[in-house]
Amino acid sequence: DHVVDEALLTQAQARGAADPEVAASVHAALHRAAAGGAPVVVCTCSTIGGLAESMSGSGRFVAQRIDRAMADRALASGRRILVVAALASTLAPTQDLLADSARTQGVPVDLGQLLLDGAWSHFLQGDLTGYAEAVAAGTRSAWRALPEKPDVIVLAQASMAAAVPLLQDVGVEVLSSPALGVERALASAMALQPPVTSGLSHGAVAPPAVLRAASLHRPGGPA
C-alpha cells in the first residue's frame with residue numbers, strides 16, 4: 001500500500017513535529033497505511049520521520065523512517081558528515097537522527113549542514129531535473145569551499161536521490177535514503193514473518209506500506 005497525505009508536512013512545518021495535533025495526525029496516517037496488513041510502515045518524510053518511528057502499532061506493525069538506514073551507513077563511512085537539505089525543516093531531524101545513530105553505535109560524529117533553499121523552488125514547480133541539478137551544483141560548490149572535507153555527504157530528503165549520480169566527482173560517498181530504507185524495510189518484513197514449520201509453506205511475504213507526507217507528482221513534494 002502507498003498512502004500520500006500532503007497535509008502532514010504542511011501541518012508539521014506550521015506547528016512543529018512535537019505538536020500533539022501533528023502527532024495525532026501521523027498516528028492516524030500510519031494506521032491507515034497498515035490497514036491492509038502490512039507488517040512494516042515506512043515514512044519517507046524526514047521532517048516527521050522521527051515521530052513516525054516512535055509510533056509502532058502495538059504489535060500490529062513496525063514503523064520505520066526511510067532515512068534510518070542511511071544514517072547508520074553514514075556513520076559506518078566516517079566521522080565527518082555533511083547534511084544537505086533543500087527544506088529547512090529537514091535539517092534538525094536529520095542531524096538528530098545521525099546523532100542518535102552515533103550514540104547507538106558508540107562512535108563520535110562531527111556534523112556540518114548545508115541548506116540549498118533555492119533548489120526547492122524547482123521541485124515545487126515540478127522540475128525534477130532542475131531540482132536534482134540544483135542540489136548537485138550547490139552541494140559540489142559548498143564541498144569545494146570547505147577547508148576540511150567531510151567523509152560522507154548525506155542528502156537529507158528522499159526527493160534528492162536523483163542528485164546522487166550527479167555527484168560522483170566529489171570523491172566521497174554521497175548517500176540518499178530511498179534504496180537503503182527500502183532494503184531495510186523488506187528485511188524487517190521478512191524477519192517478522194512466522195517461522196516456517198516443517199511440511200508447511202507460507203505465501204508471499206506481506207510487503208511494507210509506504211507513508212509519504214506529499215506527492216512526487218504535483219506541487220507540494222516530499223520532505
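A residue is called buried when its relative accessible area is under 20%, exposed when it is over 50%, and partly exposed in between (1.4 Å probe, protein chains only). By that criterion, 47% of the 223 residues in the protein are buried.

This is a predicted model, in which local features need pLDDT of at least 70 and side-chain atom pairs count only at pLDDT 80 or more, while totals for chains, interfaces and linings use all residues. Residues are numbered from 1 along each chain as its sequence is written, and side-chain values use heavy atoms, with hydrogens and water left out.

**Confidence and overall make-up**

The pLDDT is the predictor's confidence in each residue, on a scale from 0 to 100. The protein averages a pLDDT of 85, and 86% of the residues score at least 70. Two stretches need separate mention. Over residues 197-203 the pLDDT stays under 50, and the model gives this stretch 4 contacts beyond four places in sequence; a contact means heavy atoms within 4.5 Å. Residues 214-223 also have a pLDDT below 50, with 36 contacts in the model beyond near neighbours in sequence. Where pLDDT is low, the predicted coordinates should not be read in detail.

The protein has 8 helices and 8 strands. Of the contacts between residues at least 6 apart in sequence, 68% join residues at least 24 apart.

**Helix packing**

Two packed helices are described by the angle between their axes and the distance between the axes. Here the axes are lines fitted to C-alpha atoms, for helices over the stretch in contact, and angles run from 0 to 180 degrees between N-to-C directions. Angles under 35 degrees count as roughly parallel, over 145 as roughly antiparallel, 65 to 115 as roughly perpendicular and the rest as oblique.

Helix 1 (residues 6-15) and helix 2 (residues 20-34) have axes that come within 10 Å and cross at roughly 160°. Helix 1 and helix 2 are therefore roughly antiparallel to each other. Their crossing is left-handed; a crossing is left-handed if the near helix is turned anticlockwise from the far one by less than a right angle, and right-handed if clockwise. On the helix 1 side the contact is made by Leu8, Gln11, Ala12 and Arg15, and on the helix 2 side by Glu21, Val22, Ser25, Val26 and Ala29.

Helix 2 also packs with helix 3 (residues 46-53), at an angle of about 75° and with the axes 10 Å apart. That angle makes helix 2 roughly perpendicular to helix 3. In this pair, Val22, Ala23, Val26 and Leu30 of helix 2 meet Ile48, Leu51 and Ala52 of helix 3.

For helix 6 (residues 117-124) and helix 7 (residues 128-145), the angle is about 165° and the axes are 7 Å apart. Helix 6 is thus roughly antiparallel to helix 7, and the crossing is left-handed. Ala119, Trp120, His122 and Phe123 of helix 6 make the contact with Leu128, Gly130, Tyr131, Ala134 and Val135 of helix 7.

**Salt bridges**

Side chains of opposite charge can pair when their charged atoms come close. A salt bridge is a side-chain nitrogen of Lys or Arg within 4 Å of a carboxyl oxygen of Asp or Glu. A search of the whole structure finds 12 salt bridges, including those in the table.

| Residue | Partner | N to O distance |
|---|---|---|
| Arg65 | Asp67 | 2.6 Å |
| Arg79 | Asp110 | 3.8 Å |
| Asp100 | Arg103 | 3.6 Å |

Arg65 and Asp67 are both buried. The pair of Arg79 and Asp110 forms a salt bridge. This pair links distant parts of the chain, 31 residues apart: Arg79 lies in the loop between helix 4 (68-77) and strand 4 (80-85), and Asp110 in strand 5 (residues 110-115). Arg79 is partly exposed, at 36% relative accessible area, and Asp110 is partly exposed at 34%.

Asp100 and Arg103 are 3 residues apart in helix 5 (residues 88-105), so about one helical turn separates them. Asp100 is partly exposed at 26% relative accessibility, whereas Arg103 is exposed at 59%. Salt bridges with shared partners join Glu53, Arg68, Asp100 and Arg103 into one network.

**Ser188**

Ser188 is located in helix 8 (residues 178-191). Its relative accessibility is 18%, so Ser188 counts as buried. Leaving out residues up to four places away in sequence, Ser188 touches Val40 and Gln64.

Methods:
Helix = DSSP H or I, 4+ residues; strand = E, 2+ residues; numbered from the N terminus.
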